[in-house]
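Subject: Structure handover

Hello,

Here is the structure I said I would pass on. My notes on what was found in it follow below.

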Amino acid sequence: MIATLSGRVRRLHEDRVVLECGGIGYEVYLPPIALREVEKSTSEGGALELVIYYHATRDQPRPVLIGFTSDLDKEFFEKLITVKDIGPMVAARALAAPVAELAAAIARQDEKYLRALPGIGPQKAKNIVAQLQAKVAKFALAVEGAVPEPVTGPTTPDTDGLREMVWEVLVKQLGHRPSEASQLITDALRRRPDPRSPEELFDEIYRGQAAVKARS
């Protein structure tokens, strides 16, 4: 299993890159969001590190490597491929906008927006909303331009443990300022004092943010 690749860009194509690592050239398919980031940050001959999704099945024995510029983008992609009729290549092509924008569209059940994505027709859009609407609040809170860091938060289910875990994700992965993250969590816990999971707390934070935007 290949989890990451770090090397030099040997060739950059319109939907993939050949990345040379230790004398071996790996062909990696890039979703549109990753391709834009790579084109902005590097060129042929430049250094590049990618987070990798390794795809191989009995029906498709030739492995396909799909590359991402952040763990957060890969995590969202992995949510997307759990949806009925959304395979890895369909999901990768559909990532044509920032993850926060895609997640917000799913959360507000905006099937029209989703249908405009490459490879996503009416039925796939319905499936995405039905299966992911309650699971994408965390991604919808991402701040554009954030540089995610690894998060190793507590796994305890009590409120203090959830608060610390969600604070770390908001700051380290999603790009919020520490004081802003603390306030978002405090406000969410005031509205919903007994979240049972990080997902429920993220959902309440997102609902609060969406309500503020609707009033402004």
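In the hairpin of strand 2 and strand 3, two residues lie between the strands, and Gly22 takes a positive phi near 60°. The model is a predicted one, in which local features need pLDDT of at least 70, side-chain atom pairs count only at pLDDT 80 or more, and totals for chains, interfaces and linings use all residues. Residues are numbered from 1 along each chain as its sequence is written, and side-chain values use heavy atoms, with hydrogens and water left out.

Strands (E, at least two residues) and helices (H or I, at least four) are DSSP runs, numbered from the N terminus. Two strands count as paired if DSSP finds at least two bridges between them.

Strand 2 (residues 16–21) pairs with strand 3 (residues 24–29) over six bridges, in the antiparallel sense. Among the bridge partners in strand 3 are Tyr26 for Leu19 and Glu27 for Val18. On its other pairing, strand 2 runs antiparallel to strand 1 (residues 4–12), joined by four bridges. Leu19 is the bridge partner of Val9 there. Strands 1 and 2 also form a hairpin, with three residues between them.

The barrel is made of five strands that close in the order 1-2-3-5-4, with mixed pairing. Neighbouring strands of this sheet are turned by 55° against each other on average, direction ignored. Axes here are lines fitted to C-alpha atoms, for helices over the stretch in contact, and angles run from 0 to 180 degrees between N-to-C directions. Helix 1 (residues 32–41) packs on the sheet and touches strand 1, strand 4 (47–55) and strand 5 (64–68); contact means heavy atoms within 4.5 Å. The direction of helix 1 makes about 75° with that of strand 1. Helix 2 (residues 71–80) lies across strand 4 and strand 5, at about 20° to strand 4.

Next, the cavity and a pocket. Both come from a 1 Å grid over the protein atoms alone: a cavity is a set of points where a 1.4 Å probe fits but cannot get out, a pocket is an open set with protein on both sides within 12 Å along at least five of seven lines, and lining residues have an atom within 4 Å of a point. Grid points are joined across faces, edges and corners, and a volume is the space filled by probe spheres set on the points.

The structure holds one cavity of 30 Å³ or more. The largest cavity has a volume of about 60 Å³, and its lining includes Phe76, Leu102 and Ile128. Helix 2 and helix 4 (99–107) each supply at least two residues of that lining.

The second largest pocket has a volume of about 210 Å³. Of its 14 lining residues, Glu75, Lys138, Pro198, Glu199 and Phe202 lie nearest its centre. Helix 2, helix 7, helix 8 (159–173) and helix 10 (198–215) each give two or more residues to this lining.

Lys138 itself sits in helix 7 (residues 137–140). Is Lys138 buried or exposed? Lys138 is buried, with a relative accessible area of 16%; buried means under 20%, exposed over 50% and partly exposed in between (1.4 Å probe, protein chains only). Not counting residues up to four places away in sequence, Lys138 touches Leu72, Glu75, Val169, Gln173, Leu174 and Phe202.

Regards
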